[in-house]
Amino acid sequence: MFVLELSYTAPLEAVDAVLPDHVVWLDSLYDQGVFLASGRKEPRDGGVIVAVAESRARIEEIIAGDPFVEAGVCAYRVTEFIATKTAPALDRYRETLP
């Protein structure tokens, strides 16, 4: 499981210009089962996405296709973690430590 933290690197006007394409990109990854939750940070200086994927390399590949990244309006920080405890709705993502 991964926490993706977006930080805007451009003025909000530039971010907002790309936002519709970013939302289409998000929707596609929700449809694929990769993204579990997402939203803006407060104050509005970026966002957060909770994602699942087979590897960090796959997450990096996904991030590279974000219209925000392609437009140069945000940077990502990726944190991988082992979800050893989850809400019942997320049971299928629960992992055990080796």
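## Arg77 and the salt bridges

In this predicted model, R77 has a relative accessibility of 54% and therefore counts as exposed, the threshold for that class being over 50%. The side chain of R77 meets that of E5 in a salt bridge, with an N to O distance of 3.8 Å. Because R77 belongs to strand β4 and E5 to strand β1, this pair ties together parts of the chain that are 72 residues apart in sequence. E5 itself, at 26% relative accessibility, counts as partly exposed.

The structure as a whole contains seven salt bridges. Another of them is formed by D45 and K41, whose closest N and O atoms are 3.7 Å apart. Here D45 is partly exposed at 38% relative accessibility, whereas K41, at 17%, counts as buried. A further salt bridge brings together the side chains of E61 and R58, at 2.6 Å from N to O; both residues lie in helix α2, three residues apart, which is about one turn of the helix. E61 is exposed, with a relative accessible area of 52%, while R58 is partly exposed at 23%. Through salt bridges that share partners, E5, K41, D45 and R77 are joined into one network.

## The two sides of helix α2

Helix α2 runs over residues 56-64, and within this helix I59, I62 and I63 are buried. These residues lie on the same side of α2 because they cover an arc of only 100 degrees around the axis. On the other side of the helix, A57 and E61 are exposed.

The buried residues of α2 pack against the strands β1 (2-8), β2 (35-40), β3 (46-51) and β4 (74-80), and also against the helices α1 (12-31) and α3 (67-70).

In soluble globular proteins, nonpolar side chains tend to be buried together. The largest nonpolar core of this model has 21 residues, of which L4, W25, F35, I49, F68 and Y76 touch the most other members. Two or more residues are given to this core by each of β1, α1, β3, α2 and β4, and the largest share, five residues, comes from α1.

F68 is one of the core residues that touch the most other members. With its neighbours within four places in sequence left aside, F68 is in contact with L6, Y8, V15, V18, L19, H22, V73 and C74.

## Glu70 in helix α3

What is the setting of E70, and is this residue buried or exposed? E70 is found in helix α3 and is exposed, with a relative accessible area of 58%. Not counting residues up to four places away in sequence, E70 touches A64 and G65. The C-alpha atoms of E70 and V18 are separated by 9.6 Å, although the two residues are 52 residues apart along the chain.

## The β2-β3 hairpin

Strands β2 and β3 pair in the antiparallel sense, over five bridges, and are joined by a hairpin of five residues. Within this pairing, S38 has I49 of β3 as its bridge partner. I49 is also among the residues that touch the most other members of the largest nonpolar core, and β3 is one of the elements that give two or more residues to that core.

Conventions: Residues numbered from 1 in each chain as written. Predicted model: local features only at pLDDT ≥ 70, side-chain atom pairs only at ≥ 80, totals over all residues. Heavy atoms only, no water. Buried < 20%, exposed > 50% of the residue type's maximum accessible area, 1.4 Å probe, protein only. Helix = DSSP H or I, 4+ residues; strand = E, 2+ residues; numbered from the N terminus. Arc of directions from axis to C-beta. Contact = heavy atoms within 4.5 Å. Pairing = 2+ DSSP bridges. Core = buried A, V, L, I, M, F, W, Y, C linked by side-chain atoms within 4.5 Å. Salt bridge = Lys/Arg side-chain N within 4 Å of Asp/Glu carboxyl O.
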